[in-house]
Amino acid sequence: MTLVRGFLADTPSDPFRGGVMRTESDGGLLVRDGIITARGGFAVLQQEWPQEPVLDLRGGVVLPGFVDTHVHFPQVRIVGSLGMPLLDWLQQRALPEEARLADAAYANVVATEFVTGLARAGTTSALVFGAHFPDAVSALFEAAERVGLRVTSGLVVSDLVLRDDLLITPELARQESLTLARRWHGHGRLRYAVTPRFSLSCTDAMLASCADVLDAVPGALFTSHVNENPVEIAQVRTRFGTGYVDSYDRHRLVGRHTVLAHNVHADDAELRVLAERGAVVAHCPSSNSGLGSGLFPMRRHLEQGVRVSLGTDVGGGTSFSMLREGLQAFFVQQLLGPAGVPLGATELLWLATAAGADALGLAEVGHLSVGRRFDAVWVRPAPSSPLEVPLRHAESETDAVARVFTLASPMDVAGVWIDGDRVHG
Ligand SMILES: [Zn+2]
């Protein structure tokens, strides 16, 4: 057993429904076999368990491990291709790089770069958009297993619109997906996600094959993109004769197991469908800002009862840091004025941790409660650094967490644990 000591902050319940941030300025967590078995003030816990070794994480903040609900593994090398709208960016930057992952050796190196980026940013769980090539998807799962990350991912499938070397037939997509799912789904901390790139690049036959795979793999997730950019949305409407959400829903692909990225431009009828099905929207504010996709209508999502989580959307997004993503979410809502949702430190911490765990159906992580796995990130800035000075002068514990979201970078992540094992730092 280990007794963890530090300033603890987490959000065990939804602040959009009255939940509050929970803090312990000199807190303790007793961790046994990776599970938190006691929580409270450090002094009280130490009195009760005086022989246990102490892991001293004072100086900084101990947060639950971050949960990134939308991030692309093949795009780690193209982060920062600024200045293009979605469809141009895909054509000129993203898809040429995605095609390079046909080379298994190349994919192996990229997979290692990708999981290293996640772990160093403090991300312990992620729903990862995989690659168009089965060997590359396996390379990702292998790399995630080496580090210990909780990764859900799958083969990205398309049979239209994209360059030829990224296309696959619906029948082959079904076979390859099932083969990958048999190998990786439920293997350690890894799970499978059925992943059409977006309905714009899929025939109805391809989406039907996705539904077959989803039926055949109990516990699998479904993920894709939705309502990101007006040009793309118009093309979906022209081809399917229906709205973007319905292009998935009519194939039974929208449910509690579903995480759709973006939804920047959604009408109320679509929001009602998402709410009724219990689906999740992964909000990716740095990508939406960088690609000029628009300002996310979070208020309308919350008012309609749609579940919302957060994703970095690397490489349309600008970093692996869920702290930075939280700050950008705050900026976007500020820019919406009265239509925006005021996001404080509590809401940002919820979105970066417990909301993501809920979105991915990971009941074992998301906050630092008794019974949960010890997945945690220790943000400890160097003395006199741009974060350390304001953190030292924070006016309250909640204010300290706000300063972490405002100023912390992966350079300030001093340690990351998954199931009680240190995976970084
Ligand atoms: Zn994406």
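Predicted model: local features only at pLDDT ≥ 70, side-chain atom pairs only at ≥ 80, totals over all residues.
In the hairpin of β2 and β3, which has two residues between its strands, D33 adopts a positive phi near 50°. Helices (H or I, at least four residues) and strands (E, at least two) are DSSP runs here, numbered from the N terminus. Strand β2 (residues 22-32) and strand β3 (residues 35-41) run antiparallel and are joined by six bridges; two strands count as paired if DSSP finds at least two bridges between them. Within this pair, G27 stands opposite G41 in β3.

Residues are numbered from 1 along each chain as its sequence is written.

The protein chain is divided into domain 1 (2-64 + 367-424) and domain 2 (66-320), with bounds that come from an automatic or database domain assignment. Taken over C-alpha atoms, the centres of the two domains are 31 Å apart. Ten residues from domain 1 and twelve residues from domain 2 take part in the contact, where two residues are in contact if their C-beta atoms, placed from the backbone, lie within 7 Å. On the side of domain 1 that touches domain 2, β16 (413-418) and β17 (421-424) each supply at least two residues.

What lies between the domains? The largest nonpolar core has 134 residues, and V61, A111, L140, L348, V401 and V404 have the most contacts inside it. Both domain 1 and domain 2 give residues to this core, so it lies between them. A nonpolar core is a set of buried Ala, Val, Leu, Ile, Met, Phe, Trp, Tyr and Cys residues joined through C-beta atoms within 7 Å. A residue is buried if 20 or more other C-beta atoms lie within 10 Å of its own, exposed if 12 or fewer, and partly exposed in between, with C-beta atoms placed from the backbone. Leaving aside neighbours within four places in sequence, V61 touches F7, A9, V379, A400, V401 and V404.

Helix α5 (residues 170-184) has 15 residues and reaches 21 Å from its first C-alpha to its last, close to the 21 Å expected at 1.5 Å a residue; the expected span is 1.5 Å times one less than the number of residues. Its buried residues are A173, S177, L180, A181 and W184. Seen down the axis of α5, they fall within an arc of 100°, so they line one face of the helix; the arc is that of the directions from the helix axis to the C-beta atoms. This buried set packs against α4 (134-147), β9 (156-157), β10 (191-196) and α6 (204-216). After α5 comes G186, with a positive phi near 85°.

In α6, M206, L207, S209, C210, V213 and L214 are buried. They cover an arc of only 155° around the axis, which puts them on the same side of α6. On the other side, A205 and D215 are exposed. The cover over the buried residues of α6 includes β9, α5, β10, β11 (221-226) and α8 (244-249).

Finally, strand β13 (residues 280-283) is covered on both faces, with V280 and A282 buried on one side and V281 and H283 on the other. Strand β12 (residues 258-262) pairs with β13 in the parallel sense over three bridges, and V259 stands opposite V280. R307, found in strand β14 (residues 307-310), is in contact with G278, V280 and A359, leaving aside neighbours within four places in sequence. R307 counts as buried because 20 C-beta neighbours lie inside 10 Å.
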